[in-house]
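Welcome! Take a moment to look over the sequence and the 3D view below, and then let us walk through them together.

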Amino acid sequence: MSWLRVVAKIPREIAAWLDERFELEDSVMAVLRHPVPRELERPVGWWYVLGSATLAIFVMQVVTGVGLAMTYVPAPNSAYDSLQFISHEATLGAVVRGMHYFGAGAMVVLVLAHMTQVYLFGAFKFPREANWLTGSLLLLATLAMAFTGQLLRWDQDAFWAVVVAAEQAARAPLIGEWLTRLIVAGNNVGGATLTRFYATHVFLIPAAIFGLIGLHLYLVVKRGISEPPVAGLPVDRPSYRARYAEMLRRGIPFWPDSAWRDAVGAALAVVAVALLAAILGAPDLNKPADPTNVLADPRPDWYFLGYFAILALIPPATEAIVIVGLPLFAFTFLFLVPLLWPDGERHWSRRPGAIAAVALPLIAYASLTVAGIESPWVPKLEGGALPASVTQGLGDAERRGADLFVSKACFACHAIEGAGGRRGPDLSHAGSRMSRDQTTARIATGGGGMPAFAGSLASSELDDLVTFLLTRK
Amino acid sequence: MGGIVGLPILGYLLAPLFSAPPDELVPVGAISDFPLGETKLVSIRDPSPLAWAGQTADTALWVRRRDASGPTMFQVFNVNCTHLGCPVNWQAGAELFLCPCHGGVFYSDGTVAGGPPPRPLFEREWEVSGDRLLVRQQPLPTVKQG
């Protein structure tokens, strides 16, 4: 069986040929084998895989994105139909679009998780400040990708999101109106808008991301992977480099001793996204973009819902500050982090302020997201009816009042026995809280966020409506 | 070399900043289409839309017929809520405009009835020519205008 032995030698010979031609041993392999602190062998090493997982999902976004671009038509009169085709007719289209969609959410989550880990481990401190700064730019790019990607769906959510973005941009001091004209690429959202967002989403921002990832990885290797923090062992700038060099002399090679965890982490992230896509498919599109269809209920994707909620909940007078100021403050803070705290304690247990800086925004944004999902401030615009238990056994005037409650859109903001909007108070027991005069006055003159209805209700109608509400004890 | 490549591409990309905003009156319908006391949704078409603009070449407006004739005959509103620009919805029964995004509410004359909007709905200039109602074109943003 000598031919078997010959065949068995082929892979080794190919490898030897390639090795001789490319000489990767002293370049790529040398970089892959760069030493990392020995502590990464321990389970704490699992915390270090988040960056690799993010990179893997990014590569998946590029691959699925190229796939989608093979079919997607970035023109307002075709974009929606081409996406419907991808989602419902193209072979495996729903899975590819699903992967791109869940991948976008995973990017946002993983970038933030990676940054949180780096922040709590104090790994952004000297000499790795530039790693943090390039990472912060990558977060910005990721959010910009998420936003521009949602617009490419060109459904009602997307269309009105562009309008809202354009209107928000107009609030920026001095350059506001210019910014708006650049965003919509003209006078109004129209033929020129979508192609610009498309080019931004598939060329401009990805190009920036490629460059930034290159720089980020260069810095990761050049500055070395940070050692897990030890409480009571602060970063001291004059002595840190010598201490770290000493640590690396006892270190382990990144490849393969530490890299296998990165491979596992990356594979888990990709498998999770692929499973979600395979099971749930691509998210349904809203109705096609149509400026003349005002029956829209535009919502951003889930990770932007918290910001959407903020705009409904803050006092209107503070809006200019929040819309422009809050993101500006958040990102300025992000960029200042390594410059303001380059040395000192790294371990989170010695940095209560750092724990608060992670926990408070996290809790706040989570609550805002829940508020955004529920959106109780949104009037219920589409029709509905009071439950039979409410309308049963009513007298004539009371019944007329109950009809007015629905037809005059009281129903849009007020609920009775679970039916109706949640913007105003629940009126299931209105009759036990207010007298006839109080109720009449409140409906006629409004106040406290409620419109005045004196102009749109005849006095007999107002009487009937109040009579009905007084039955609600 | 940077200039040779950069200047044309910069000019090309920034062109929207230098194009004149539209200043044209566009017909939105016959006066008889708007019964006294009612508020109706109309759509106007961009005078020179790009061929591939599809539905986005249209813009919607709310037209309220207040009087039989005279300078207070119509009120023409942008559909964009003055809060952040979402489209407001006319509830004929309640005689209110409601916004689906953050719950802004406006009376039939466009004044604020509740919610976060900082000012009344934006109105468009209009003109009656013969038996037609004409409305002036307007660019985004609505926020800085009026």
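Which residues does Ile57(A) touch, not counting residues up to four places away in sequence? They are Gly103(A), Ala106(A), Met107(A), Leu110(A), Ala269(A), Val270(A) and Val273(A), where contact means that the C-beta atoms, placed from the backbone, lie within 7 Å.

Keep in mind that this is a predicted model, in which local features need pLDDT of at least 70 and side-chain atom pairs count only at pLDDT 80 or more, while totals for chains, interfaces and linings use all residues. Residues are numbered from 1 along each chain as its sequence is written, and chains are lettered from A and ligands numbered from 1 in the order in which they are written.

**The nonpolar cores**

- A nonpolar core is a set of buried Ala, Val, Leu, Ile, Met, Phe, Trp, Tyr and Cys residues joined through C-beta atoms within 7 Å; buried means that 20 or more other C-beta atoms lie within 10 Å of a residue's own, with C-beta atoms placed from the backbone.
- The largest core has 121 residues, and Ile57(A) and Val162(A) touch the most other members.
- Helix α5 (residues 93-120) of chain A gives the most to this core, 13 residues; helices (H or I, at least four residues) and strands (E, at least two) are DSSP runs, numbered from the N terminus.
- Domain 1 (33-374) and domain 2 (388-470) of chain A both contribute residues, so this core lies between them; the domain bounds come from an automatic or database domain assignment.
- Apart from it lies another core of 6 residues, including Leu305(A) and Trp377(A).

**Where the chains meet**

- In this model, 53 residues of chain A are in contact with 49 residues of chain B.
- On the chain A side, α8(A) provides the largest share, 7 residues.
- That side divides into 31 nonpolar, 14 polar and 8 charged residues. Here Ala, Val, Leu, Ile, Met, Phe, Trp, Tyr, Cys and Pro count as nonpolar, Asp, Glu, Lys and Arg as charged, and the others, Gly among them, as polar.

**Chain B**

- Chain B has 1 helix and 10 strands, and buried residues make up 40% of its 146 residues.
- Four of its strands form an open antiparallel sheet in the order β5-β6-β7-β8; strands pair if DSSP finds at least two bridges between them.
- β5 (89-91) and β8 (112-114) of chain B each have a single partner strand, so one side of each is left without a neighbour in the sheet.
- Strand β7 (residues 105-107) of chain B pairs with β8(B) over 2 bridges, and Val105(B) stands opposite Gly114(B).

Methods. Contact = placed C-beta atoms within 7 Å. Buried ≥ 20, exposed ≤ 12 C-beta atoms within 10 Å, placed from the backbone.
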